[in-house]
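Here are my notes on this one, jotted down as I went through it. Have the viewer open while you read.

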Amino acid sequence: MTLNDLYATILARKNADPNSSWTAQLLAKGPEKCAEKFGEEAVEAIIEAVKDDKSALTNEAADVLYHLLVMLAARDVPFTDVLDVLAKRQSKSGIAEKAGR
């Protein structure tokens, strides 16, 4: 599964019955709840990284990616827009790019 595939699945569940899908339930709670859940998962990933638990970090990283895409979908931000920004940044060093913001 690619991140594009996952995002397409999330979008497909955006208008689904919340009783049929965890993604639909989360999206039905609104963008603020989606953002809160993303933050929780990011903190859990940080904790596992600090503990150096690679297995747990791998699982939390998957949760972070999923919840990031749910948050983007909740705010109608196309994943392709995020990929476009990354592509533009690829042509210059991270130091130069950050200084230009």
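Is Phe79 buried or exposed? Phe79 is buried, with a relative accessible area of 9%. Keep that residue in view, as point 3 comes back to it. One caveat before the list: this is a predicted model.

1. **Overall layout.** The protein chain is helical, with 6 helices and 0 strands. Reading from the N terminus, the order is simply α-α-α-α-α-α. Along the principal axes, the C-alpha atoms fill a box of roughly 45 × 35 × 25 Å.

2. **Burial, contacts and surface.** Of the 101 residues in the protein chain, 26% count as buried. If you take the contacts between residues at least 6 apart in sequence, 55% of them join residues at least 24 apart. The accessible surface comes to about 6800 Å², and carbon and sulfur atoms account for 58% of that.

3. **The aromatic pair.** How many aromatic pairs are there? The count comes to 1. The partners are Tyr7 and Phe79, whose ring centres sit 5.9 Å apart with the planes at 40 degrees, so the pair is tilted. Planes have to be under 30 degrees apart to count as stacked and over 60 to count as edge-to-face. Tyr7 belongs to helix α1 (residues 3-13) and Phe79 to helix α5, so the pair ties together parts that are 72 residues apart in sequence. As for cover, Tyr7 counts as buried at 8% relative accessibility, and Phe79 is buried at 9%.

4. **Asp52.** Have a look at the backbone here: the phi of Asp52 is positive, about 60 degrees, although the residue is not a glycine. Most residues other than glycine have a negative phi. Where does Asp52 lie? Asp52 is in the loop between α3 (31-51) and α4 (54-74). Asp52 is also exposed, with a relative accessible area of 53%.

5. **Asp76.** Another non-glycine with a positive phi is Asp76, at about 55 degrees. Asp76 lies in the loop between α4 and α5 (79-90). With 58% relative accessibility, Asp76 counts as exposed, since the cut-off for that is over 50%.

Key
Residues are numbered from 1 along each chain as its sequence is written. This is a predicted model: local features need pLDDT of at least 70, side-chain atom pairs count only at pLDDT 80 or more; totals for chains, interfaces and linings use all residues. Side-chain values use heavy atoms; hydrogens and water are left out. Helices (H or I, at least four residues) and strands (E, at least two) are DSSP runs, numbered from the N terminus. Buried means under 20% relative accessible area, exposed over 50%, partly exposed in between (1.4 Å probe, protein chains only). Contact means heavy atoms within 4.5 Å. Accessible areas come from the Shrake-Rupley method with a 1.4 Å probe; for residues, only the protein chains shown count as cover. Rings of Phe, Tyr and Trp (its six-membered ring) pair if their centres lie within 6.5 Å; planes under 30 degrees apart count as stacked, over 60 as edge-to-face and the rest as tilted.
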